[in-house]
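Biologist: I have a structure open on my screen and I'd like to learn how to read it. Could you walk me through a few features?

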Amino acid sequence: MKELPPCPVEVSLLVIGDKWKVLILRELRSGTKRFGEIRDSINGISQKVLTEKLREMESDGLVIREAYAEIPPRVEYSLSELGETLGPVLDSLKEWGEMYKRLNAES
């Protein structure tokens with residue numbers, strides 16, 4: 001087990017503080033997706049970065065990777081039980097972003 005910082009906010013940022021990870025979480029909230037579906041739904045993410053972030057998230061216990069022995073191979077990703085608990089965090093980020101956009105539109 002890796003050593004974590006003492007501050008809980010720092011731990012949260014360590015695990016999901018990456019822009020791409022939050023967007024991957026957003027996409028997987030609606031259900032299981034294949035790699036290409038995730039890549040196509042996140043503007044600007046490269047295949048290399050998506051692979052790296054999915055591996056990190058799987059290692060952190062947020063994402064479940066299911067590989068099927070088919071030709072061509074099929075791999076699906078879904079949120080783990082732990083990953084599902086981030087739903088309220090994502091909802092809060094969405095609400096804050098909407099508020100921020102409204103305030104900037106009024107300025």
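Predicted model: local features only at pLDDT ≥ 70, side-chain atom pairs only at ≥ 80, totals over all residues.

Biologist: Let's start with helices. How are two packed helices described?

Modeller: You give the angle between their axes and the distance between those axes. Here, take helix 1, residues 8-16, and helix 2, residues 19-28: they pack at an angle of about 75 degrees, and their axes are 7 Å apart.

Biologist: So what does that angle make helix 1 relative to helix 2?

Modeller: Angles of 65 to 115 degrees count as roughly perpendicular, so helix 1 is roughly perpendicular to helix 2.

Biologist: Which residues make the contact?

Modeller: From helix 1 you have Leu 14, Val 15 and Ile 16, and from helix 2 come Lys 21, Val 22 and Leu 25. Sorted by type, the residues of this contact are five nonpolar, no polar and one charged.

Biologist: On to pockets. How much space lies in the largest pocket?

Modeller: About 290 Å³. When you read a pocket, look at what lines it. Among the lining residues here are Leu 13, Ile 16, Gly 17, Val 22, Arg 26, Leu 90 and Lys 94.

Biologist: Which elements give two or more residues to that lining?

Modeller: Helix 1, helix 2 and helix 6, which spans 87-106. Helix 2 has the largest share, with four residues.

Biologist: And how do the lining residues divide by type?

Modeller: Into six nonpolar, one polar and four charged.

Biologist: What volume does the second largest pocket have?

Modeller: About 180 Å³. Its lining includes Val 11, Ser 12, Val 15, Ile 16, Asp 60, Leu 82, Thr 85 and Val 89. Helix 1 provides the largest share of this lining, four residues. By type, the second largest pocket's lining has seven nonpolar residues, two polar and one charged.

Biologist: Last one: how many salt bridges does the structure hold?

Modeller: It holds 10. Lys 21 and Glu 56 form a salt bridge at 3.0 Å, N to O.

Biologist: Where do those two partners sit?

Modeller: Lys 21 is in helix 2, while Glu 56 is in helix 4, residues 47-59. The two are 35 residues apart, and the pair links distant parts of the chain.

Notes: Residues numbered from 1 in each chain as written. Heavy atoms only, no water. Axes fitted to C-alpha atoms, helices over the stretch in contact; angles between N-to-C directions. Parallel < 35°, antiparallel > 145°, perpendicular 65-115°, else oblique. Contact = heavy atoms within 4.5 Å. Nonpolar A, V, L, I, M, F, W, Y, C, P; charged D, E, K, R; others polar. 1 Å grid on protein atoms, 1.4 Å probe; cavity = no way out; pocket = protein on both sides within 12 Å on 5 of 7 lines; lining within 4 Å. Points joined across faces, edges and corners; volume = space filled by probe spheres on them. Salt bridge = Lys/Arg side-chain N within 4 Å of Asp/Glu carboxyl O.
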